[in-house]
Amino acid sequence: MVDGGGSETMNARVVVTGMGVVTGCGTGQTALRDALRTGRSSVRPMELFDVSTCRCQTAAQVGTLENSSDRIPRKAWRRLDRVSKMLLTAAQEALEEARLTSGPIHAPLVLGSSGGGIRSGELYHRALLQNQSRRHAATWLSDYLAQQQPLHVQRFFDVTGPILTLANACASSANAIGYSAQLIAHGEADCVIAGGYDALCELIFVGFDSLMAATPTLCRPFDKRRDGMVLGEGAAVLVLETFERASARHADILAEIRGYGQSIDTHHITQPHPEGDGAYAAMRLACEMAGVEASEIDYINAHGTATPQNDAMEAKAIRRLLGVRAADVPVSSTKAITGHTVGAAGAVEAVISILALKNQFVPPNVNFESPDEGCALNVPAAAQPRSLRTVLSNSFGFGGLNASLLFSLP
Amino acid sequence: MTVTITGIGVVTPLGLEVREVAERMARGERANRVGPVDAAQFVRSDRLRRCTRITHFAVAAAAQAVRDAGLSIGDESYPRVGVISAVSKGPIEYSRKFHAQFVRGGAKGASPMLFPETVANASASHIASVLGLTGPNTTLFGDAAVGFNALAMARDFLKWNLADAVLVVAPHEHDDIFEDAYRRFRWLLPKIGFSEGAAALLLARDEATPHWGEIVEVDRGQPWRRRSEIPNLLAAAPAVSSAARLQVPLKTLSVSGDEKLSFPGAQRLCIKDSLGEAFAAGALWQVVFGLQQAQTHDNVLVTCVGLNEQVSAVLVRR
């Protein structure tokens, strides 16, 4: 193991001025916040493709998305792939909230995705394998290119900066947000549009199923009976700016990004380090960058996939970080509500963390019924009103990648 | 802060030694497929038993770059070495195989051994593990110019003191379906062959001994929407502007295609004639062979026009 790369304090204050989100819970912050408050899970039987031969038969699927932007022509909307529609919907909400809807936006676009447009590639591949019509081949192939979805954002919202697409598995968009914050903190940009997106696809669904990492029952993070994750899909976009720029244009400041830590376990391609060394390193680095003591953390939005290995190691790492406060600080995974949105998870959970700060509540860890001695944490099964000032969000991915983001109220 | 290139490594259809490949290109040889490459030839690890061709290419290039820089695994003079992998297509072969197993035989027919290797960041993870590189680890996706995005990110990591050195790797494996698709839709010129391989550059801060040269300027990439915009975007790219302001005339211009840039007296190098189109790997080959061709103290401008996303450039000094 690892350190991941030194910590530094942020040279400038980095704030969030706009957020947009699409998950199985619905479109927009309100739908997500309501689902979190009531503990309503969006997991349902899989309808997008045939999973009858899989152990797991459920997923948190995004419903039909309507075009809510007058910047996207109706004809163009109809031709877009699902994941582009999710990303554009999230971007629209974020840019509206940040009041960046008129004129070109000179900002880098830094997004994370594990699969990108892979579903389109699958449709093409399936048509080839089964000698089906390839009438849509051109669209499928161009949508399969990983840069295609960010290109749609650039085109429709007139974003003129460079594109960066990070593909760090389930840590992709947490890394994208962290890197964006560093770009701003070090004066390389004064505004960055950051986030992540991933749609359900056969390759990833069957992949986790084949590894016995997906649950045939219920997703129960940190529960003694947990037996795997449930996949989801979605997109989340955040507008990040310097505090000075946001203040100068009287933008509403939703939260501040105080710290970011990343690390790598060199332990195994799919399994985390059993002692959680990499996870601990990422959390510690985020706190060091923020100049925040672990004792100041009020809530942790855990990666919490509900696989036996992840939750056990994450609990160890969190206990190591929090010390005696581990019994008090609420820790919850929201993946039983949103599903594991893979490359989008870091961004979706960044939005959840900021919603928790903004609305002063701890999101619930639904389906948590039987505490596990190996995961001895304060896990709330229902949403709790609570005074929150500083929130940590974890995202870990295949390849041993770990990322932690630390948010606070401005 | 000066960013130096302390080690390079390549896997190309014309060989794995920079000097030999350059000589073969100079003789007019052309090739598009890399023969069997076993990364275990450079570094032994159980992690490589089931990995894809793209990972073998990446690890082989990375191990050569580390060796070229005079480092050994776990070298204490570089405690924090990061890895940035730049890919345009990722591990397509295993992705296709795994998906075909599912389509033909249902979930039970899909091998759990293949799935982890289909993830885009598998190569970067394997490199970190087998070479013991525990600095920041990231994989970037994009068109050919993504290799330059990776160089810019590596510069950031060094500048921000997140790493002592960063290994930038760009691997690419050939896939028949993609070639068919690209040909069918005329996304590439007919005369260019589809190729594969990898390139790796080990970057460090100025305190390290420069071996190959230094990066004078590297762009983050600028998006293009219409081909007619490309000449202006390229001319305005910081690395190209810097090259135009050089007091010593530019000697080498390494281009990805038919970029319309005028640097009188500069020798124009286009490796695609010899090595074909290898997307992200090809962009870093341009840097490597541009540097290889240059004389000491010469400046080399490397430009890349990606298929559908961005134009970018990097200015390096031998």
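Predicted model: local features only at pLDDT ≥ 70, side-chain atom pairs only at ≥ 80, totals over all residues.
A:Glu202 and A:Arg126 form a salt bridge, with the closest N and O atoms 2.9 Å apart; the term stands for a side-chain nitrogen of Lys or Arg within 4 Å of a carboxyl oxygen of Asp or Glu. A:Glu202 sits in helix α8 of chain A and A:Arg126 in helix α4 of chain A, so the pair ties together parts that are 76 residues apart in sequence. Helices (H or I, at least four residues) and strands (E, at least two) are taken as DSSP runs and numbered from the N terminus. A:Glu202 is buried, at a relative accessible area of 3%, where buried means under 20% relative accessible area, exposed over 50%, and partly exposed in between (1.4 Å probe, protein chains only).

Residues are numbered from 1 along each chain as its sequence is written, chains are lettered from A and ligands numbered from 1 in the order in which they are written, and side-chain values use heavy atoms, leaving out hydrogens and water.

Over all chains, the salt-bridge count comes to 36. Another of these joins the side chains of A:Glu233 and A:Arg82 at 2.6 Å, N to O. Here A:Glu233 comes from the loop between α8 and β8 (234-242) of chain A and A:Arg82 from helix α3 (residues 82-97) of chain A, so the pair ties together parts that are 151 residues apart in sequence. A:Glu233 is buried, with a relative accessible area of 0%, whereas A:Arg82 is partly exposed at 31%.

Turning to the interface, 66 residues of chain A are in contact with 62 residues of chain B, contact being heavy atoms within 4.5 Å. The area buried between the two chains is about 5,400 Å², with carbon and sulfur atoms giving 63% of it; this is the accessible area (1.4 Å probe) that two parts lose on being put together, summed over both. Three salt bridges cross between chain A and chain B. B:Arg220 and A:Glu188 meet in a salt bridge at 3.0 Å, N to O, and both belong to a salt-bridge network that also takes in B:Arg155, B:Asp156 and B:Lys159.

Strand pairing also spans the chains: β6(A) runs antiparallel to strand β3 (residues 137-141) of chain B, joined by two bridges, and at least two DSSP bridges is what it takes for strands to count as paired. A:Thr165 stands opposite B:Phe141 in β3(B). B:Thr138 lies in strand β3 of chain B as well and is buried, at 2% relative accessible area. Its side chain makes a polar contact of 3.4 Å with that of A:Asn168 (a pair of N or O atoms within 3.5 Å; within protein, one must be able to donate a hydrogen and the other to accept it, and residues adjacent in sequence count only if both atoms are side-chain atoms). Leaving aside residues up to four places away in sequence, B:Thr138 touches several others, including A:Leu166, A:Gln262 and B:Met153.

Helix α6 (residues 176-184) of chain B has B:Ile177, B:Phe178, B:Glu179, B:Ala181 and B:Tyr182 buried. The buried residues of α6(B) pack against α4 and α5 of chain A, along with α3 (92-105) and α10 (279-293) of chain B. Just after α6(B), B:Arg186 takes a positive phi of about 55°.
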